[in-house]
Amino acid sequence: MSSRRSSFRRREKPAFERFKDHCRHFTAFMFSNVGIILLVTFYIIGGAFIFQSIEIFEYERLKSEKPHRFIARNFSGECLSRIWELTAENISFFDHHAYRRRVNDVLLDYQRAIVKKQLKGPDVEQWSFSGAFLYSLTVITTIGYGNITPQSEWGKLVTILYAIIGMPLFLLYLSNIGDVLAKSFKWIYSKVCLCRICPGVAKRRIIRERRKMRQLARALQMHDMENARGSSSYTSTSSTTSSNSSSSEYTRSSRQSSSLVDIPYTESDSDIEREIRGSTDEITVPVTVCVFVMVGYILWGALLFGRWEDWNYLDGSYFCLISLSSIGFGDLVPGDRVITADRDKVEVSFILCAIYLLLGMAVIAMCFNLMQEQVVHNIRAIKRGFKACFRCSSS
């Protein structure tokens with residue numbers, strides 16, 4: 001008994017080795033499918049807290065050090081006073097062309113100031129938790145709406161570091177989740193669209209395919225027999241060795257064609273059952289189905305954002321397409337009904353908006369993956385067809 005305990009103690013790993021094993025298991029879990037989703041989610045939430053704290057701290061510091069920068073300017077009053085001064089200087093309107101030109105310059109300055117103020121927005125309201133979360137999401141997804149931007153130097157520096165780490169992490173998320181969604185969609189497509197869930201329909205489809213293969217094999221066998229007879233008639237006066245080689249080629253071709261002809265097609269075959277319950281790796285989803293999935297997801301998002309933002313159907317579809325394709329013009333962004341001025345309040349609609357964008361980009365990656373498989377399958381089929389045509393023409 002004591003020898004067993006001593007051997008168990010000798011086999012026990014040291015603390016450093018156990019720590020390395022735990023780190024290895026933790027890393028493997030974090031880069032699994034569930035772990036990568038949690039990692040991206042917590043990375044965005046952590047980035048939201050970091051950017052919110054940096055920008056609010058910088059805003060409070062500048063407000064205490066330079067209060068004159070935060071005094072609301074009366075742009076309309078300044079514009080009217082400048083126009084009044086120009087009018088008083090040119091009361092006789094001696095040079096009315098110069099007067100009009102100077103007034104136009106004043107009005108252009110007024111327009112630029114108003115537009116800049118509206119684009120910039122309130123300095124602190126845009127950095128609520130909802131706004132900071134949206135900013136973190138648009139950084140790592142490379143959407144970049146541009147409606148929320150850091151004003152401090154630390155915010156810009158942290159954005160650079162945040163994007164350097166977050167963009168590869170999000171690409172890894174798209175790769176893993178897109179692959180999982182592609183396999184799941186292929187399984188659903190095989191059960192629903194290919195009628196694998198209905199054994200009778202699947203059996204009849206497989207029997208039809210085997211009947212076509214058997215007819216093709218018969219045609220190939222007849223073609224090989226005619227070629228063999230023609231070659232034997234032309235080489236009747238040749239040597240014995242050449243006749244033996246031609247007969248062996250004939251028997252080899254006849255065996256290959258007969259193996260295709262003898263394909264069983266009874267409904268009780270076990271190989272049909274195995275083919276019905278087979279793997280979905282060999283199944284390819286048509287391009288039209290992938291396009292239909294992408295269009296349906298965009299239209300569903302248009303309905304959601306139409307309710308949240310009071311957009312029409314065209315604007316909602318336009319926003320979803322620009323966002324999911326990571327173009328991100330920034331002319332339409334989730335606005336007042338998603339981003340709130342309260343620093344700590346988070347609306348349910350905003351959470352659904354973030355989930356829609358994260359899931360939607362994975363769906364787009366899934367559709368691109370499935371379309372790539374379909375295109376590769378079609379190219380290989382075309383290549384086999386060309387080889388068969390050239391083989392027939394050469395024979």
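Which residues make the nonpolar surface patch of about 640 Å²? In this predicted model, local features need pLDDT of at least 70 and side-chain atom pairs count only at pLDDT 80 or more, while totals for chains, interfaces and linings use all residues. Residues are numbered from 1 along each chain as its sequence is written, and side-chain values use heavy atoms, with hydrogens and water left out.

The nonpolar patch is made by Val287, Val291, Val295, Leu299, Leu303, Tyr313, Val375 and Ile379. Two elements, helix H11 (287-309) and H13, each give two or more residues to this patch, and H11 supplies the largest share, five residues. Leu303 is found in helix H11. Helices are DSSP runs of H or I of at least four residues, strands are runs of E of at least two, and both are numbered from the N terminus. Patch residues have over 30% relative accessible area (Shrake-Rupley method, 1.4 Å probe, only the protein chains shown counting as cover) and no salt bridge, with nonpolar side chains joined within 5 Å and like charges within 9 Å; a salt bridge is a side-chain nitrogen of Lys or Arg within 4 Å of a carboxyl oxygen of Asp or Glu.

A patch of positive charge is formed on the surface by Arg380, Lys383, Arg384, Lys387 and Arg391, the charge being placed at NZ of Lys and CZ of Arg. Lys387 lies in helix H13 (residues 348-394) and is partly exposed, with a relative accessible area of 47% (between 20%, under which a residue is buried, and 50%, over which it is exposed).

Note on methods:
Lys and Arg count as positive and Asp and Glu as negative; His and the chain ends are not counted. Buried means under 20% relative accessible area, exposed over 50%, partly exposed in between (1.4 Å probe, protein chains only).
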